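My entries follow the order in which I checked them.

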Amino acid sequence: MAEPEFDVVVVGFGPVGALLANLLGRHGLRVLVLERDAGIHPLPRAVHFDGEVMRVFQAAGLAGAVEDVARPTSRGMHFVNAAGETLMVRRGTDGPGPHGWANNWYFHQPELDAALRTGAARFANVEVRLRHEARALRDAGDHVSVGIRSVATGASDELTARYVVGCDGARSLVRDAVGGSMLDLGLHQPWLVVDVLASPRSEPARRLPDYTVQHCDPRRPMTRVHVKGLRHRFEIMLMPGDDEEEIVRPDRIWPMLALHGIGPDDVRIERSAIYTFHSLVAAPWRRGRLLLAGDSAHQTPPFLGQGMCAGIRDASNLAWKLSMVVAGTAGESLLDTCETERAPHVRAFIELAVRLGAIIQATDPAVAEARDAEFRARGPTMFDFPQPRLGPGIWMDGSPACGDVFPQPRLADGRRLDDVAGDRFAVLSALPLDTRTRRAGGGGRRGGLDLAFIDAPGPAVEEWLAAREAAAVIVRPDRYVFAVAGDEAGVRHALEELASLLR
Ligand SMILES: Cc1cc2nc3c(=O)[nH]c(=O)nc-3n(C[C@H](O)[C@H](O)[C@H](O)COP(=O)(O)OP(=O)(O)OC[C@H]3O[C@@H](n4cnc5c(N)ncnc54)[C@H](O)[C@@H]3O)c2cc1C
């Protein structure tokens, strides 16, 4: 077979496909993105991302572009019962969090999608074909044949790629081609999503809280989010007996918004649509040369604002691995670790969202009253996003920090860690390391590991190391901890182990 036309075909130009195209573009891969739709999807779904995701945008060289369209917030998420009592709070944080950026950001999705697409256009090696859909996939062993169809003309074509990544959302063609099954974590519930634009002169609209509120009212559970600027989001649970055709109409929506003190003089309804929230994880995420990332691989109810975030983490995990495999510096089995590492991680978020769903979606008055009494007795519960460790994969099981995401402190020279480490593995060491150690990673199938050695990394990293009685830490290109070492021999051993794992 002649050289495939593309290293990677990405199916779907939603946020996950667009971000993956940026990351693969930076690695110099020949990428084709296929997207069925003509333009950016006008109906936003996601409104929130977290500090780790901002860090991935930074890795894609897009931190500035994303900062222009997203609003950082130090406020958390409040769970309030029908009587207005606070049951729980997902904590907010002031200033930069552990990832070197605010922990929480809100945005209008078409603006974020546009920033990611403009980012992908920076790369001559990334081609985007809008209004082209993937129709058929055939893994021929040494390449994939991708049958495509132009939505505009109906014309069909076939092209070849080394790998295909399905970022094609919940109804994924690539997932069908991978085969397998979906693990169902139990929550499936339709909700009405209403976006409104506030009138700048409306006093009631100005009084809408700046933080997210989960109204755990058994008569009608709702979520209220200040998105950005004048834009607010109301997510409203459908109740038994609701007519899905009727409930999206303004005359049905206004009485529900009146509960928040606003009406037609205060806000304009931008859109309303019904979504069914799901809690699913696909298995497997890879078969041969076909891979999954984003909603094609998992779906979560949005109570934590983490569905897209999980997909962005998938892209970050996949990009460096795919780049090494395509470059021949790692064996193909590395691609299996995307699922082994990421599936348990995303599952921890989905399971928490499902548990929160049980609290928010309680519609039986007796169940809601028992819930309220329980929270009243122990006082408002504070919680944070989970910080799960990766599942088994490319990290050494020697210290509790391994497999966790490494923070992004400022280094001794004031720069952010990731700006210095770039797309490489980084060895941050409080010890000066000798040349033999610096050569120890020279494994990989062909050529050596791409390593950034950061000596004297500064007080924040040194404190981190001291707290773990360590002298050095090896961080992966996606900033998860590969290994922690107590001395120079430990660093050497870890680098040799890394080289052998990648072979
Ligand atoms: C109401 C709601 C609120 C949410 N809020 C948040 C939030 O605040 N934070 C958060 O992180 N997540 C949130 N989510 C989840 C988030 O929207 C999704 O997880 C995210 O959009 C998934 O991105 P994706 O790129 O994987 O898939 P999608 O955004 O679904 O994109 C898939 C793309 O693939 C294209 N496509 C599909 N099939 C083909 C084909 N055969 N050929 C070519 N193109 C194809 C589609 O046209 C589409 O553009 C929310 C979801 C909902 C429903």
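**Conventions.** I am working with a predicted model, in which local features need pLDDT of at least 70, side-chain atom pairs count only at pLDDT 80 or more, and totals for chains, interfaces and linings use all residues. I number residues from 1 along each chain as its sequence is written. Helices (H or I, at least four residues) and strands (E, at least two) are DSSP runs, numbered from the N terminus.

**Helix pair.** I looked up how helix α2 (residues 51–59) meets helix α8 (residues 307–327): their axes come within 10 Å and cross at roughly 40°. That makes α2 oblique to α8; angles under 35 degrees count as roughly parallel, over 145 as roughly antiparallel, 65 to 115 as roughly perpendicular and the rest as oblique. On the α2 side I list Val-53, Val-56 and Ala-59 as making the contact, and on the α8 side Cys-309, Ile-312 and Ser-316. Contact here requires C-beta atoms, placed from the backbone, within 7 Å. I sorted the contact of α2 with α8 by class and got 5 nonpolar, 1 polar and no charged residues. In this scheme Ala, Val, Leu, Ile, Met, Phe, Trp, Tyr, Cys and Pro count as nonpolar, Asp, Glu, Lys and Arg as charged, and the others, Gly among them, as polar.

**Ser-316.** I then followed Ser-316, which is found in helix α8. I note it as buried because it has 26 C-beta neighbours inside 10 Å (20 or more is buried, 12 or fewer exposed, in between partly exposed). Leaving out residues up to four places away in sequence, Ser-316 touches Leu-23, Val-56, Ala-59 and Asp-478.

**Ligand shell.** I found 35 residues around the ligand, of which Gly-12, Gly-14, Gly-169, Gly-294 and Gly-307 come nearest; a residue is near if its C-beta atom, placed from the backbone, lies within 6 Å. Which element gives the most to this shell? I found that α8 does, with 4 residues. Elements that each supply at least two residues include α1 (15–26), β2 (31–35) and β9 (132–139). By class, I record 16 nonpolar, 11 polar and 8 charged residues in the shell.

**Asp-336.** I placed Asp-336 in the loop between α8 and α9 (337–360). Asp-336 counts as partly exposed, with 15 C-beta neighbours inside 10 Å. I also noted Arg-287, 49 residues away along the chain, with its C-alpha 8.9 Å from that of Asp-336.

Definitions and conventions. Axes fitted to C-alpha atoms, helices over the stretch in contact; angles between N-to-C directions. Contact = placed C-beta atoms within 7 Å.
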